[in-house]
Amino acid sequence: MTQTAEPEVAGSSPNGQEPRSPLSLGTAAARNLATTTKTQPQMQGISSRWLLRVLPWVQVDGGVYRVNRRLSHETGDGRVSFSNIGDQVQIVAPTLAELPALRALADNPALLETLATHFTQYTYQTGDTIAEYDTPTNQLILIAHGKVTTSSPGKYGATATLDTLADGEHLGHETLYQEDATWAYTTKAITPTTTLQLTRDTITQLLSQYPELAAALQTHVDIYTRPANNYGEATIDLTSGHTGEPDISG
């Protein structure tokens with residue numbers, strides 16, 4: 001008599017125990033992982049594939065690649081931008097509107113261009129003094145390259161460092177609208193530094209030639225010299241009082 005073995009049922013084992021999880025991939029799963037699905041290329045800043053198919057291809061033995069790059073300058077960061085031609089530094093004129101007193105001229109690029117041409121370039125070495133404490137503020141200083149520190153006499157006679165300024169920042173902003181301002185700190189270069197400076201005498205000449213510049217500076221003075229408290233909030237004059245004595249009996 002021949003005994004026929006019963007077929008195994010999926011999910012069961014010959015000894016009746018639960019089946020163990022497989023330790024390797026099956027053929028179908030491995031094939032699925034090895035097969036990649038490619039999407040259409042997403043490109044930015046280079047020629048599209050369809051354009052490359054349309055343009056004729058020309059075989060050349062040698063050539064020169066030319067890369068056209070576009071120089072951009074961000075605005076709204078409170079810094080003036082510069083460009084270099086050799087050792088000469090030039091102001092990117094529209095960024096002069098980053099100076100608070102010149103913000104009203106943001107829509108007058110021609111006048112900003114004129115202002116930019118009147119700055120004079122100066123170079124300082126490490127340790128050089130750029131401005132001296134308690135001396136007349138006779139120039140607006142733009143830091144084109146390098147780092148400087150500002151310091152003033154401290155509470156107990158020692159020198160106190162106030163701030164460190166670098167590329168794009170400025171000193172002597174009040175020169176634009178005050179004739180008798182003095183430096184509230186000493187400024188020294190802590191690296192080789194290049195600055196562009198606009199003197200008070202030049203500003204006075206420009207004010208007589210360009211009424212719109214005078215109007216812009218006056219607008220700044222009207223806004224930023226209003227009475228304010230220690231927190232920069234507008235001062236509000238209040239009065240209070242009463243007539244007679246309050247009745248507190250009973």
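A residue is called buried when its relative accessible area is under 20%, exposed when it is over 50%, and partly exposed in between (1.4 Å probe, protein chains only). The model toured here is predicted, so local features need pLDDT of at least 70 and side-chain atom pairs count only at pLDDT 80 or more, while totals for chains, interfaces and linings use all residues. Residues are numbered from 1 along each chain as its sequence is written, and side-chain values use heavy atoms, with hydrogens and water left out.

**Stop 1: Arg200 and Glu179**

Select Arg200, which counts as buried at 10% relative accessibility. Arg200 and Glu179 form a salt bridge, their closest N and O atoms being 3.8 Å apart; the term denotes a side-chain nitrogen of Lys or Arg within 4 Å of a carboxyl oxygen of Asp or Glu. This pair links distant parts of the chain, 21 residues apart: Arg200 lies in helix H4 (residues 200-209), and Glu179 in the loop between S8 and strand S9 (186-189). Helices (H or I, at least four residues) and strands (E, at least two) are DSSP runs, numbered from the N terminus.

**Stop 2: helix H4**

Select H4 next and colour Arg200, Thr202, Ile203 and Leu206, which are buried. Viewed down the axis of H4, the buried residues fall within an arc of 155° and therefore line one face of the helix; the arc is that of the directions from the helix axis to the C-beta atoms. On the other side of H4, Asp201, Ser208 and Gln209 are exposed. The buried residues of H4 pack against helix H3 (109-116), S10 and helix H5 (211-224).

**Stop 3: Thr195 in strand S10**

Move to strand S10 (residues 193-199) and select Thr195. Thr195 counts as buried, at 0% relative accessibility. Its side chain makes a polar contact with the side chain of Gln197 (3.2 Å); such a contact is a pair of N or O atoms within 3.5 Å, and within protein one must be able to donate a hydrogen and the other to accept it, with residues adjacent in sequence counting only if both atoms are side-chain atoms. Leaving aside residues up to four places away in sequence, Thr195 touches Thr120, Gln121, Tyr122, Tyr124, Ile141, Leu142 and Ala144, where contact means heavy atoms within 4.5 Å.

**Stop 4: Arg79 and Glu169**

How many salt bridges does the structure hold? There are two. Select Arg79 and Glu169, whose side chains meet in a salt bridge (3.9 Å, N to O). The two residues are 90 residues apart: Arg79 is in the loop between helix H2 (49-54) and strand S1 (82-85), and Glu169 in the loop between strand S7 (159-165) and strand S8 (170-171). Arg79 is partly exposed, at 33% relative accessible area, and Glu169 is partly exposed, at 22%.
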